[in-house]
Amino acid sequence: MLEESERTPLLLKSESPFGDSIWLQSSRKLNAILLYQHRPLPLINKILPSNGTTLLVLALLGLQVFYVFYQMPLSISALFVFADRTALLFVANLPWLYLFAAKNQPIKCLTGYSYESLNILHRRLGEVMCLLALMHSAGMVGVWYTILRPFGFSLARFLLSKIILLGIGALVVYELLYFTSLGSFRQRWYELFLVLHVSLQIVALVLLWFHHHGSRPYVGVALAIFLFDRLIYRMALKVNSLEASLEVAEDQGTVLLRSLIPLEQKQRYLKHLVCNGMVQGWRATEHVFLTVPALSGKHVIQAHPFTIASKAPQTGDPKAELNLIIRAQDGFSADLLKYARGHTSVKVRLDGPYGSQSGLCKLEQCDLSIIVAGGSGIAVALPLAWAVHASHLTNDLETCPDRKSASRIVLIWVIREGIHTSWLSPSDLQDLQDSGVEVIIPPSTSENMKPDLPRLIESRVVLSTTKHWDKIGVVCSGPNGMNRAVRNQCAVLLASGYDIDVEIEKFGW
């Protein structure tokens with residue numbers, strides 16, 4: 001006998017997950033295809049996004065091709081039109097490039113997608129623009145060769161003209177931006193990437209401004225977006241200076257940074273209107289940009305992103321503890337680890353919080369929530385599990401007051417070393433378990449084989465979803481291989497008839 005509540009559908013269907021209508025089955029299979037993520041490209045090891053994201057990027061590319069070649073005569077006489085059109089398309093894309101990269105933007109308010117979700121569009125659009133710049137340059141060289149050269153206009157005279165010199169300078173700068181933005185460069189020299197990415201794009205905007213007067217409206221809009229995001233909004237309204245404690249974890253390779261933040265109970269009107277700084281709290285899965293000026297002079301202007309690993313504060317809390325888990329690699333994190341070995345506290349600047357709530361919003365509506373974390377991905381998973389539990393508890397009290405919890409939450413944490421559990425306080429995971437969350441920590445991968453995450457997820461889905469209308473949500477935060485395995489298993493389950501949705505919390509830069 002089914003236990004009825006406000007969450008029970010009025011029209012009951014078959015109890016089998018395969019008893020859906022043909023239309024619904026077809027829709028889920030199509031969504032499963034869009035959700036699937038292929039293996040990295042061989043040789044270059046290029047990570048591919050999901051099929052749905054790939055189609056979106058291809059549509060963006062197709063739109064660019066359409067604008068370049070629409071009613072374009074494919075003849076030598078149309079070379080100037082070709083060169084001019086690629087230049088027009090380049091500058092028309094410029095404001096969008098900066099808007100996709102801005103940390104504070106209207107797109108999030110309209111769609112719910114924050115800048116890290118739009119980052120792939122920023123990168124692909126930047127690559128297309130670099131190609132457009134090359135095509136424009138090649139077209140102008142063709143114009144010189146076919147039109148100007150027969151009239152005695154030498155190549156040296158052409159190249160040394162002011163407008164061409166400025167254009168060549170802009171081309172060189174944008175191609176340098178492309179090569180220094182490649183994933184291999186970012187991962188190896190991230191701090192150098194940060195400096196070059198900001199400085200080169202400023203130089204490029206200046207060169208474009210003087211290259212041609214027609215570019216100035218677009219350059220002006222792009223510069224306005226940059227200045228508003230970086231200088232006015234972030235530095236003036238959203239940056240907080242705080243005292244933080246430092247602790248080196250038991251693995252001797254991780255810094256645990258903590259700060260007790262007093263929260264503003266009455267928000268200032270301007271801040272309430274335009275931003276949500278750290279003193280006004282944060283939400284699960286959000287991150288901050290951390291600056292530690294005490295490390296060295298170069299670190300004064302550097303800001304590095306880290307997910308907030310502590311429970312989000314509730315309305316009315318006078319204070320909130322902010323925890324960051326910082327794995328030492330090289331550069332900033334290595335310098336911070338060295339500093340933490342000789343100091344117990346430090347003055348820091350926090351820019352934030354930032355991030356999308358799409359993962360939390362999905363899980364709040366689910367009957368079964370599965371949260372998968374790999375290594376330091378627990379910084380996403382732990383606050384998310386608490387937030388989902390609090391949301392479900394509120395909903396269950398309204399719809400099922402006689403039951404402790406009608407929804408189930410599963411947290412899976414894959415760790416490389418058993419000692420990595422010291423990143424959390426002993427009570428963190430125990431309190432979650434006591435609240436009804438199932439916490440699974442497979443044996444460490446350094447001493448055992450990697451856990452079979454697809455089978456583990458499938459077993460929890462099969463055991464926990466007993467009703468046809470059960471909705472399942474999965475959020476994963478971990479390395480690329482783990483994210484792909486979880487995403488593709490969800491695609492398999494979706495194609496099999498389960499109502500499942502997945503969110504990958506992978507921060508990129």
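Reader: Where in the chain is Gln71 found, and is it buried or exposed?

Author: Helices (H or I, at least four residues) and strands (E, at least two) are DSSP runs, numbered from the N terminus, and Gln71 lies in the loop between H2 and H3. Buried means under 20% relative accessible area, exposed over 50%, and partly exposed in between (1.4 Å probe, protein chains only), so Gln71, with a relative accessibility of 65%, counts as exposed. Its phi is near 50°, a positive value in a residue other than glycine. This is a predicted model, in which local features need pLDDT of at least 70 and side-chain atom pairs count only at pLDDT 80 or more, while totals for chains, interfaces and linings use all residues. Residues are numbered from 1 along each chain as its sequence is written, and side-chain values use heavy atoms, with hydrogens and water left out.

Reader: How should I read the confidence, and where is it lowest?

Author: The score, pLDDT, is the predictor's confidence in each residue, from 0 to 100. The chain averages 86, and 88% of the residues score at least 70. Helix H7 (residues 162-180) has the highest mean, 95, whereas helix H11 (residues 269-274) has the lowest, 48. Over residues 269-273 the pLDDT stays under 50, and the model has five contacts (heavy atoms within 4.5 Å) for them beyond four places in sequence. The stretch 401-405 is also below 50, with seven contacts in the model beyond near neighbours in sequence. Where pLDDT is low, the predicted coordinates should not be read in detail.

Reader: Which residues have the most contacts inside the largest nonpolar core?

Author: A nonpolar core is a set of buried Ala, Val, Leu, Ile, Met, Phe, Trp, Tyr and Cys residues joined through side-chain atoms within 4.5 Å. The largest has 38 residues, and those with the most contacts inside it are Phe90, Leu94, Tyr98, Tyr174, Leu205 and Leu208. Helix H2 (51-69), helix H3 (79-101), helix H5 (115-148), H7, H9 and H10 each supply at least two residues of this core, and H3 gives the most, with nine. Beyond its neighbours within four places in sequence, Tyr174 is in contact with Phe90, Leu94, Cys130, Ala204, Leu205 and Leu208. Apart from this core lies another, of 30 residues, including Leu257, Val279, Val288 and Ala320.

Reader: Is Ser215 buried or exposed, and what is it in contact with?

Author: Ser215 has 6% relative accessibility and therefore counts as buried, although its place is in the loop between helix H9 (190-211) and helix H10 (216-237). Leaving aside neighbours within four places in sequence, Ser215 is in contact with Val91, Leu208 and Trp209.

Reader: What is the strand order of the sheet, and which strands stand at its edges?

Author: Two strands pair if DSSP finds at least two bridges between them. Here six strands form an open sheet with antiparallel pairing, in the order E4-E3-E6-E1-E2-E5. Strand E4 (304-307) and strand E5 (319-327) are at the edges, each with a single partner strand, so one side of each has no neighbour in the sheet. Strand E1 (residues 239-248) runs antiparallel to strand E6 (residues 345-354), and seven bridges join them; Ala244 has Val346 in E6 as its bridge partner. Strand E6 also holds Pro353, and the peptide bond from Gly352 to Pro353 is cis, with omega near 5°.
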